[in-house]
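Open the model in your viewer and keep the sequence panel beside it. The stops below say what to select next and what is there.

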Amino acid sequence: MYRQDSNKVQAQEDHQLMRSVRNGDVAKLAVLYTRHQRPLFNFFLRLSSSRPVAEDLVHDVFTRILKYRTTYGEHELFTPWMYRIARNTHIEYTRRRRLEIVPADPDNLREPASSDPGPAANAEYEQNIALLRRALAQLPEDKREILVLSRFQNLRYEEIAGILDCEVGAVKVRVFRAVRQLEQIYNRLAGEKAS
Amino acid sequence: MNCEQASEYLPEYWDSTLDEFPRRELEAHLSSCAACRSEATRLKAFWFRLGAIPEESPDTASRKRFDALLADYKRETRRSRWDAFFENWWPKRPAAQIACAMATLVIGLLAGHALTIDVQRGTEVARLEQEVASTRQLVALSLLRQQSASDRLKGVDWSEQIPRPEPQVVNALVETINYDDAVDVRLAAVDALRRLSTQSSVRNALVDALARQESPLVQIALIDAVADHHTSDGMAAIRQLSQQPTLNPAVRTHIQNVLGRIQ
């Protein structure tokens, strides 16, 4: 309950900030950047498995927010609006580069620096994280996108439906199918690794 | 609730965000369907295992890049306000744009034409002024050589109408002061040259003329003209004149007054 209230307060604040940006006080975008840079970066990172690409795309999103700031509606919510822009940015990026977003070996990805020495020291834990990343990278793009939005980006199904322009029921079905397929990929990779 | 409907609610069920009514229906289905119960349990574990993928932090360079973007945008916005000003001023319709361009062209041509006329007119006036001055000089020189004193007096008058007389006219006036028989003509010539005494050659000519004059009136006029500039040569000439024993007492008195006033 506390988390939901906290999210609502932040959503209201974000809305006011974006209204200010829309009305010409573009300096307020710096606050929104501070709040949303990290989640947005991780969104792109989980979609692309590439830190430089994720950083570039975050920059592109905020460039577009500046460019199209006057299109922000009075009854809009900032986070879904931003993710719509983010999604379009990613679609255009993949189309432009004609990339198949399936990194061959996500084990090569730079592992995050963890402040917790316990899990970092645990080799099994690290192997599990690497396996999950590889499985996620092999998931079809549309399923990876909806799974990332629902599992990692802390978005409600109604918001995801708005971002993807589909029904809430369709979001629920697709999330379940995505997690089921991801589990299958994960088990396959784990089996390959064990054998 | 059937198996397919149950699967829709599972992620929300795992996140404990499912509403009361569908939650109860789902739990009822899971308690009666072993296959769904097994899958739900397995996927729930995997769902939470996914949460183990940690978040990463973007590089600090990204923030600097964003700050630069914002700064650029602010600069562009300031500049585009000027652009907007000109954009508002410039008509939107192509026909109006053409009309505006034509009007500007016509205004430019008229202004250029007017400017050319002014320049030509200015040149013409200067040329006419030069011709008039030359004519006056010719008339002055001609009159200064006449037999009649009144004609020579007119010649001095004509020379005074020339803003910047030629050296020939100046020399003719100096000759008039030194050699003309008529005192009034010489006096007029002194007044005419006094006006030009800012020139050193004229000042020297006036100093030289002082020693040659015998007429007390002309001497007094020359003393005043020479004393205007307080030059050492001029003052010496005045003092030398005062030493002449035959000097008219009125002139001597005038010299004393002039010297007293200067000192």
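Which side chain of opposite charge is nearest to Arg69(A), and how many Å away is it? Before selecting anything, note that this is a predicted model, in which local features need pLDDT of at least 70 and side-chain atom pairs count only at pLDDT 80 or more, while totals for chains, interfaces and linings use all residues. Residues are numbered from 1 along each chain as its sequence is written, chains are lettered from A and ligands numbered from 1 in the order in which they are written, and side-chain values use heavy atoms, with hydrogens and water left out.

**Stop 1: Arg69(A)**

Select Arg69(A), in the loop between α3 (51–67) and α4 (78–97) of chain A. Helices here are DSSP runs of H or I with at least four residues, strands are runs of E with at least two, and both are numbered from the N terminus. The side chain in question is Asp25(A), 9.2 Å away. Arg69(A) is buried and has no salt bridge. Buried means under 20% relative accessible area, with a 1.4 Å probe and protein chains only; a salt bridge needs a side-chain nitrogen of Lys or Arg within 4 Å of a carboxyl oxygen of Asp or Glu. Lys and Arg count as positive, Asp and Glu as negative, and His and the chain ends are not counted.

Now show the surroundings of Arg69(A). A polar atom of its side chain lies 3.0 Å from the backbone oxygen of Arg22(A). Its side chain also makes a polar contact of 2.9 Å with that of Tyr73(B). Leaving aside residues up to four places away in sequence, the residues that Arg69(A) touches include Met18(A), Val21(A), Gly24(A) and Arg64(A). A contact means heavy atoms within 4.5 Å; a polar contact is a pair of N or O atoms within 3.5 Å, where within protein one must be able to donate a hydrogen and the other to accept it, and residues adjacent in sequence count only if both atoms are side-chain atoms.

**Stop 2: all of chain A**

Chain A has nine helices and zero strands. Of its 195 residues, 47% are buried.

Where pLDDT is low, the predicted coordinates should not be read in detail.

**Stop 3: Gly234(B)**

Select Gly234(B), in helix α11 (residues 232–242) of chain B. Gly234(B) counts as buried because its relative accessibility is 0%. Arg203(B) is 31 residues from Gly234(B) in sequence and 8.1 Å from it in space, C-alpha to C-alpha.

Technical notes:
Buried < 20%, exposed > 50% of the residue type's maximum accessible area, 1.4 Å probe, protein only.
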